[in-house]
Amino acid sequence: MADADQALKRLLCLGCGFLYDEALGLPEHGLAPGTRWDDVPADWVCPDCGAPKHLFEMVVIGYAAGQPQIQPAA
Amino acid sequence: MANSFILRAGERGHNLIPSSGLNASYVAGHPEGFITRESSFNFHEYQTGRAGFGRMRVFGDEVFFGAGCGYNMHPHHNFVICAFVLQGELTHVNTVGNIDQLHAGDYYVFSAGSGGKHAELSINGDEMHAIYIWLLPDQLLLPPSYKRAHFDAIARRNKIQELIGAADGALPVPQDFRVSRLVSDMPQKHVYHPRSTAHGVYIFVLDGELTCGEIALGRRDSAGIWGTDAIACETGAHTSDILFVETIV
Ligand SMILES: [Fe+2]
Ligand SMILES: [Zn+2]
């Protein structure tokens, strides 16, 4: 768990704006909360537009009030 | 000390996207319809240019050809999508609840926020020309929204008019970001003042000519300039139509 102390990242799909938040994962797509971007399979694509992983950009942007509606597990 | 880059019209990414074959469900229209997209920054298949400029990620110079041509309903999140119609008629449909028709001078801001779909269509057979700009928002998953406005090139000629930003009559966006337009019918000196030296300006010549110091731009040429709080420029002899996109860099 060498990277356990690293802040959890957020990545945005540059094809459509879909957000991958490491803290939340995508349980409905088989990615548990806490799944690091590096551990997301290399052939995984944006569920909304099909863009490959390399077309995601890491962002440092906070959530709007009331978001995310699904809170990360404690 | 100002920094800059120049992007000539022919150096942009070029895509011709037919409404048949692999794109049949993505691109609307008759089988012979197609979209041309000139991208100033990396987008979709085009990935060998600049990644963006400041908070801007997409600057697309697009034409829809053929009756019914455009983009079918498709999803977005987060990006703030702005369209400026230059020619023809754009029908915009979104899941915020709008069906809108836009003509030359009309523009919109569609903030996809927590999720929104849209369709962009040129329903009649006339060519539809528009500039699409995408920017990152300052907060994730904002409530989705749509607003539209009109730029009157006659009433506002020979002055730099803010279309997107905090100015009176401009459409606000959730970002430190402004878009202004200048339509000039004579050679004229103008000074564009970014908010600070930490702001950059992407200058795109829709039509005519613009000279900014050493930088001479023709139709569809563009330049990014940052690190200065005053950009002096001069329009050409005939009609010049210029967009100034200002972003924190
Ligand atoms: Fe779109
Ligand atoms: Zn996507």
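**Exercise 1. Two cysteines and a zinc ion**

Task: Decide whether A:Cys16 and A:Cys46 are buried or exposed, then work out which atoms hold the zinc ion (ligand 2).

Solution: Keep in mind that you're working with a predicted model.

- Step 1. Start with the two cysteines: A:Cys16 is buried, and A:Cys46 is buried too.
- Step 2. Now look for the donors. The zinc ion (ligand 2) is coordinated at 2.3 Å by the SG atoms of A:Cys13, A:Cys16, A:Cys46 and A:Cys49.
- Step 3. Check the geometry. The angles among the 4 donor atoms run from 99 to 117°. Four donors count as tetrahedral if all angles lie between 85 and 135 degrees, so the site of the zinc ion (ligand 2) is tetrahedral.
- Step 4. Read off the spacing of the donor residues in sequence: C-x2-C-x29-C-x2-C.
- Step 5. A:Cys16 belongs to the loop between β1 (10–13) and β2 of chain A, while A:Cys46 belongs to the loop between β2 and β3, so the pair links distant parts of the chain, 30 residues apart.

**Exercise 2. Sketching chain A**

Task: Find out how many helices and strands chain A has, and what share of its residues is buried.

Solution: 

- Step 1. Count the elements: chain A has 0 helices and 3 strands. From the N terminus on, that gives the order β-β-β.
- Step 2. Of the 74 residues in chain A, 43% are buried.

**Exercise 3. A ring pair in chain A**

Task: Work out what kind of aromatic pair A:Trp44 and A:Phe56 form.

Solution: 

- Step 1. Take the two values for this pair: 5.6 Å centre to centre, and 55° between the planes.
- Step 2. Compare the angle with the cut-offs: under 30 degrees is stacked and over 60 is edge-to-face.
- Step 3. A:Trp44 is in the loop between β2 (19–21) and β3 (56–59), and A:Phe56 is in strand β3, so the pair ties together parts of chain A that are 12 residues apart in sequence.
- Step 4. Check burial. A:Trp44 counts as buried at 12% relative accessibility, and so does A:Phe56 at 8%.

**Exercise 4. Around B:Phe5**

Solution: 

- Step 1. Begin with one pair. The ring centres of B:Phe5 and B:Phe53 are 5.6 Å apart with planes at 80°, so this pair is edge-to-face.
- Step 2. Locate both partners: B:Phe5 is in strand β1 (residues 3–7) of chain B, and B:Phe53, 48 residues away, is in the loop between β4 (34–39) and β5 (56–65).
- Step 3. Both are buried: B:Phe5 has a relative accessible area of 5%, and B:Phe53 comes to 6%.
- Step 4. Look over the ring face of B:Phe5, and you'll find B:Arg50 at 3.7 Å from the ring centre.

**Exercise 5. The iron ion**

Task: Which protein atoms are donors to the iron ion (ligand 1)?

Solution: 

- Step 1. The donors are the NE2 atoms of B:His74, B:His76 and B:His118, lying 2.0 to 2.1 Å from the iron ion.
- Step 2. Their spacing in sequence reads H-x1-H-x41-H.
- Step 3. B:His74 is in strand β6 (residues 69–76) and B:His118 in strand β11 (residues 116–122), so the pair ties together parts of chain B that are 44 residues apart in sequence.
- Step 4. Finish with burial: B:His74 and B:His118 are both buried.

How values were computed: Residues numbered from 1 in each chain as written. Chains lettered and ligands numbered in written order. Predicted model: local features only at pLDDT ≥ 70, side-chain atom pairs only at ≥ 80, totals over all residues. Heavy atoms only, no water. Phe/Tyr/Trp six-rings, centres within 6.5 Å; stacked < 30°, edge-to-face > 60°. Helix = DSSP H or I, 4+ residues; strand = E, 2+ residues; numbered from the N terminus. Buried < 20%, exposed > 50% of the residue type's maximum accessible area, 1.4 Å probe, protein only. Lys NZ or Arg CZ within 6 Å of the ring centre and 35° of its normal. Donors = N, O, S within 2.8 Å, 3.2 Å for Na, K, Ca; no water. Tetrahedral: all angles 85-135°; square planar, octahedral: opposite > 155°, others 65-115°.
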